[in-house]
Amino acid sequence: MRKINEERLQAVYRYISAYQQEYGHSPSLREIGQHCSIPSTATVARMVNSLKERELIDCRQNGKKTYISVPDNLSPCGSLTAPIVGSCPCGEPMLAVENILSTVSLPVEIFGRGEHFLLYAKGDSMINRGIFDGDLMVVRKQNNAEIGEVVIARIDGEEATAKILAMSESGFYLKPANDAMDESGNRIYKDIHPQHGWEIMGVVDNVIHRPDKELKFA
């Protein structure tokens, strides 16, 4: 058997590993040959088989073709599609736009497999929770929440707002995350004590900031 060029073999291994990390799948034998300056795909296949024998990679044959497997930890975890359903004011409750503006793919590894939707934040009442005007709030759809979580609540069946779920002796209420005062010393953003029917539409578990801000997880 022809002796393997160890330096070139290591170059092939490094290229396969880097390619898998970047793209989540393996390069073809032709791509490996082009990158590593190996003109013969038969030579590349021999090197790939050598890496397999050394248990550095795993691959399988399907007829004349060689397929290099991707390690589990580098395999794409998949994604779920979530709609952007409009804007939700972070101030006094206003009617939330329900029309779907677009859809986005959310990686399951980060956001989980639960049903999500996204809303644009509007206003400054939640800035102490890192939610700024124009941010995209990633909302996990559910009708309950823990005290202290940021929820999207619908009031009187129509209006929606992003607030902290809080509780007092008189029951649940919605609290802003901005203690700003006006010139008279009164809070600009007041607590909301719903007088009639209201419901939780979801919990904000991630925030995607505007382009001029970094990604933050709430």
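## Salt bridges

R187 is partly exposed, with a relative accessible area of 29% (buried means under 20%, exposed over 50% and partly exposed in between, with a 1.4 Å probe and protein chains only). The model is predicted: local features need pLDDT of at least 70, side-chain atom pairs count only at pLDDT 80 or more, and totals for chains, interfaces and linings use all residues. Residues are numbered from 1 along each chain as its sequence is written, and side-chain values use heavy atoms, leaving out hydrogens and water. R187 joins D191 in a salt bridge, at 3.2 Å from N to O (a side-chain nitrogen of Lys or Arg within 4 Å of a carboxyl oxygen of Asp or Glu). D191 is also partly exposed, at 27%.

Five salt bridges are found in the whole structure. One of them connects the side chains of E6 and R54, at 2.6 Å from N to O. This pair links distant parts of the chain, 48 residues apart: E6 is in helix α1, and R54 is in the loop between α3 (41–53) and β1 (59–62). Helices (H or I, at least four residues) and strands (E, at least two) are DSSP runs, numbered from the N terminus. E6 is partly exposed at 37%, and R54 is partly exposed at 38%.

E199 forms a salt bridge with R154, where the closest N and O atoms are 3.7 Å apart. Here too the pair links distant parts of the chain: strand β11 (residues 198–208) holds E199 and strand β8 (residues 150–155) holds R154, 45 residues apart. E199 is partly exposed at 41%, whereas R154 is buried at 14%.

## Helices α1 and α2

Helix α1 (residues 6–23) packs against helix α2 (residues 29–36) at an angle of about 120°, with the axes 10 Å apart. Axes are lines fitted to C-alpha atoms, for helices over the stretch in contact, and angles run from 0 to 180 degrees between N-to-C directions. The two helices are therefore oblique to each other (under 35 degrees is roughly parallel, over 145 roughly antiparallel, 65 to 115 roughly perpendicular, and the rest oblique).

S26 lies in the loop between α1 and α2 and is buried, with a relative accessible area of 15%. In sequence S26 and S69 are 43 residues apart, but their C-alpha atoms are 6.9 Å apart in space.

## Position of M167

M167 is in strand β9 (residues 159–168). M167 is exposed, with a relative accessible area of 51%.
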